[in-house]
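Subject: Handover of a structure

Dear colleague,

Please find the sequence and the structure below. My notes on them follow directly.

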Amino acid sequence: MSVNLSPDMEMFTSSLSAEQARELAKRLTTFLSQYSHLSDSYIIEFFTEDLWHTLPNSWQPVLQGLSYPQIADLLLDATHGDRRYPSVWPLSLLAFRATAHALAFPRECRRERGRAAGSVKPEEFLENQSQSSLLGHIFRKHVKPKKQHEIRKLGTLVKQICDQTDCNRVVDVGSGQSGSYPVPVSQSSPRHVAGWLNPKASWETFIKQLSTADCDSKGPPTPSGPSKKRLRACELQGCSPVVQTSSSRGSTDSGLRSQHNNESEEESSAENCCSCVQPVRQEDARPEENSRCRYPDFVLTGLHACGDLSATLLRHFVKCPHVRGITSVACCYMKITTKENPTPPGLVECPAPPTPGQESVSSEFGYPMSSWVRGLPGHQLSYKAREGSCHAIEDYIRRLREESELLRTHCYRATLETFIRDTRPDLRRAGIQTIKKAHLLPFTEYARLGLARVGLPPELPLDPERVEAMLKLQGRVVVYFSLALLLAPVVETLVLLDRIIYLQENGVVSRLIPLFDPNFSPRNFVLVALKAPGSPKPNYTSRSSLGKVTPTFGE
């Protein structure tokens, strides 16, 4: 079943046949495996591992003299047209940059291309930087501007999907917590229902959760979600609170709810965007629709569903006959399970494992999902590569152009790492977390705070000459980090392409839409797919039959 989008969501790239998608996957894995030493490196080890000298000899002299704006214009910004080089770059470096830009999915819609990266906020915030002019008050209350932008855009898209599938029910996984708010009488009221979505459980178990919630829902909607303390007890992507929301098709705003976002750390500039440890909401439904014998069809959605949660929702979409459509916005790729790393940091086991007979195949991981990518040599993505793909490249470009003082934090941390290793060689990459306004502190004060956080004496003697020598190399640190950051969109492209191919292998057409403004919402891709009514659980197709499916991409 094809996905038809409104005219304002024009195509951003030509359609990819299944053969083209497989060929792109091969190119991505070949390229990423060739430069895995960059994507797998930790910038805090810049000095301890002498990362600068791991670069090709021909790259070093042309890169070390670049100003910060030149790094943004000549290396990171794919849309920058007037490139003026201060020296002749080696062909290998030019090819590296060109290939990285060419392989990554475009992150902006066509009408926004050519605009300088990180230049302005979306138009809806020009009048008031904290209030979207396109959302009503009840959808702006206690919601950050970034999330206002996301729920407005995604709400409009979900409305379109509901219209195309003739569904009036939406199951929103990880829908955030919010207080009570007025809902027009003509619309059904969303309802929070807390539950665990176990990635190892079957789709039948998922439907049973929804059916039980329907049968148990009585009276008015719960006025607010679980407490923050309870939310912390739930965990990120391994087992996440689930369940339903209404999609009243008479309004594009209905069914939306506030989601609260953690701030990104200054040292990493990674976006901490997940809403995965959140309650979900359920509509009041007619008794006959709540029958466990015949569960009504619905559209599945997840806004920044963390790690394996996005992969789990896609598998339920493919296998469950009741799910007619899906809009999947992923985040926190480092928390995806892989064969090489089945228990990444942050993963917490479900408190109640599924009973025998309810589990899926235990070998199913969050990446790769498709049999095609799984069979490609060099397809493996390390934890660090996936963590790097969550970094906000547009935000870093903005820092470079502004020559922000925030750029010094990576050099600070890399310098501190050398003294930590000198004292405790076994203490590698110790977690210091964010030091407030670290870029405004002298290094000695930064080191004092950081040493205390790893259990070392705050007054540990630091050789001032060594400190000064390393801090003078801040430009090299920034360049090296930028080279690794250039690979971030490429890694994300491979993860998302793997999901597209997985859907192809199951006979499902999909579109990948850069729905959100990447300068405002770095994890801006939405994977959209529909199934025809009454579609049975599809069988996995062989590789040889993949050419029959032609996916398209739109925005």
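Glu-417 counts as buried because its relative accessibility is 0%, where buried means under 20% relative accessible area, exposed over 50% and partly exposed in between, with a 1.4 Å probe and protein chains only. Its partner in a salt bridge is Arg-413, at 2.8 Å from N to O; the term denotes a side-chain nitrogen of Lys or Arg within 4 Å of a carboxyl oxygen of Asp or Glu. Arg-413, at 3% relative accessibility, is buried as well. Both residues belong to helix α13 and stand four residues apart, about one turn of the helix. An α-helix has 3.6 residues a turn, so residues three or four places apart point the same way.

This is a predicted model, in which local features need pLDDT of at least 70 and side-chain atom pairs count only at pLDDT 80 or more, while totals for chains, interfaces and linings use all residues. Residues are numbered from 1 along each chain as its sequence is written, and side-chain values use heavy atoms, with hydrogens and water left out.

Glu-417 and Arg-413 are part of a network of salt bridges that also links Glu-45, Glu-49, Arg-421, Arg-428 and Arg-429. Within the whole structure, 28 salt bridges were found. One of them joins the side chains of Arg-428 and Glu-49, at 3.8 Å from N to O. Arg-428 is in the loop between α13 (408-423) and α14 (443-453), and Glu-49 in the loop between α2 (36-39) and α3 (60-63), so this pair ties together parts that are 379 residues apart in sequence. Arg-428 is partly exposed, at 43%, and Glu-49 is partly exposed too, at 34%.

Helices here are DSSP runs (H or I, at least four residues), numbered from the N terminus. In helix α12 (residues 393-402), Arg-398 and Asp-395 lie three residues apart, and their side chains form a salt bridge of 2.6 Å, N to O.

Ser-482 is located in helix α16 (residues 474-486) and is buried, at 0% relative accessibility. A polar atom of its side chain lies 2.8 Å from the backbone oxygen of Val-478. Leaving aside residues up to four places away in sequence, Ser-482 touches Ile-71, Leu-75, Leu-76, Tyr-396 and Leu-400, contact meaning heavy atoms within 4.5 Å.

Finally, in helix α17, 18 of 18 residues are buried. Gly-507, which follows α17, has a positive phi, near 75°.

Yours sincerely

Technical notes. Helix = DSSP H or I, 4+ residues; strand = E, 2+ residues; numbered from the N terminus. Polar contact = N/O pair within 3.5 Å; in protein donor to acceptor, adjacent residues only side chain to side chain.
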